[in-house]
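Trainee: Please take me through this model. Keep it brisk.

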Amino acid sequence: MVSEQIDKAHLRNYVQRLICKKNALFEQLNNEKLIEIKQINLGEVKGIDLIIKEMIKEFDLSEDDFEGL
């Protein structure tokens with residue numbers, strides 16, 4: 001199984017980076033200068049959030065290990 005072959009610390013680091021990217025995009029949603037791409041950013045936030053949740057579930061990670069989730 002893939003989850004057994006990949007180091008959990010590496011997975012946690014990757015998920016934490018995804019959370020940071022999601023939060024940066026989320027902050028842009030309120031930026032008036034970026035109103036033209038608001039719907040695109042919203043879609044990206046939702047997509048990244050789904051990936052984060054799936055990775056946490058699939059690899060048996062704890063949500064408590066992540067900041068800004």
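Mentor: Start with a term: contact means heavy atoms within 4.5 Å. This is a predicted model, in which local features need pLDDT of at least 70 and side-chain atom pairs count only at pLDDT 80 or more, while totals for chains, interfaces and linings use all residues. Residues are numbered from 1 along each chain as its sequence is written, and side-chain values use heavy atoms, with hydrogens and water left out.

Trainee: Leaving aside its neighbours within four places in sequence, which residues is Val 45 in contact with?

Mentor: Val 45 sits in helix α3; helices are DSSP runs of H or I, at least four residues, numbered from the N terminus. The C-alpha atoms of Val 45 and Leu 29 are separated by 9.6 Å, at 16 residues apart along the chain. With neighbours within four places set aside, the contacts of Val 45 are Lys 22, Leu 25 and Phe 26.

Trainee: Is Val 45 buried or exposed?

Mentor: Buried is under 20% relative accessible area, exposed over 50%, partly exposed in between (1.4 Å probe, protein chains only). Val 45 has a relative accessible area of 9%, so Val 45 is buried.

Trainee: Are α2 and α3 roughly parallel or antiparallel to each other?

Mentor: Helix α2 covers residues 8–28 and helix α3 covers residues 38–58; they pack with axes 9 Å apart, at an angle of about 160°. Axes are lines fitted to C-alpha atoms, for helices over the stretch in contact, and angles run from 0 to 180 degrees between N-to-C directions. Under 35 degrees counts as roughly parallel, over 145 as roughly antiparallel, 65 to 115 as roughly perpendicular, and the rest as oblique. The pair is therefore roughly antiparallel.

Trainee: How many nonpolar residues are in the contact of α2 with α3?

Mentor: Leu 11, Tyr 14 and Val 15 of α2 are among the residues making the contact, as are Asn 41, Glu 44 and Val 45 of α3. Nonpolar covers Ala, Val, Leu, Ile, Met, Phe, Trp, Tyr, Cys and Pro; charged covers Asp, Glu, Lys and Arg; the others, Gly among them, are polar. The contact has two polar and three charged residues, and the nonpolar count is 13.

Trainee: Which helix do the buried residues of α2 pack against?

Mentor: In α2, the buried residues are Leu 11, Val 15, Gln 16, Leu 18, Ile 19, Lys 22 and Leu 25. They pack against α3.

Trainee: How many residues apart in sequence are Glu 67 and Ile 19?

Mentor: Glu 67 is in the segment after α3. Apart from neighbours within four places in sequence, Glu 67 is in contact with Gln 16 and Ile 19. C-alpha to C-alpha, Glu 67 and Ile 19 are 8.0 Å apart in space, and their separation in sequence is 48 residues.

Trainee: Is Glu 67 buried or exposed?

Mentor: Glu 67 has a relative accessibility of 64%. Glu 67 therefore counts as exposed.

Trainee: What value is phi of Asp 60 near?

Mentor: Most residues other than glycine have a negative phi. Asp 60, in the segment after α3, is exposed at a relative accessible area of 63%. Its phi is positive, in a residue other than glycine, and is near 50°.

Methods
Helix = DSSP H or I, 4+ residues; strand = E, 2+ residues; numbered from the N terminus.
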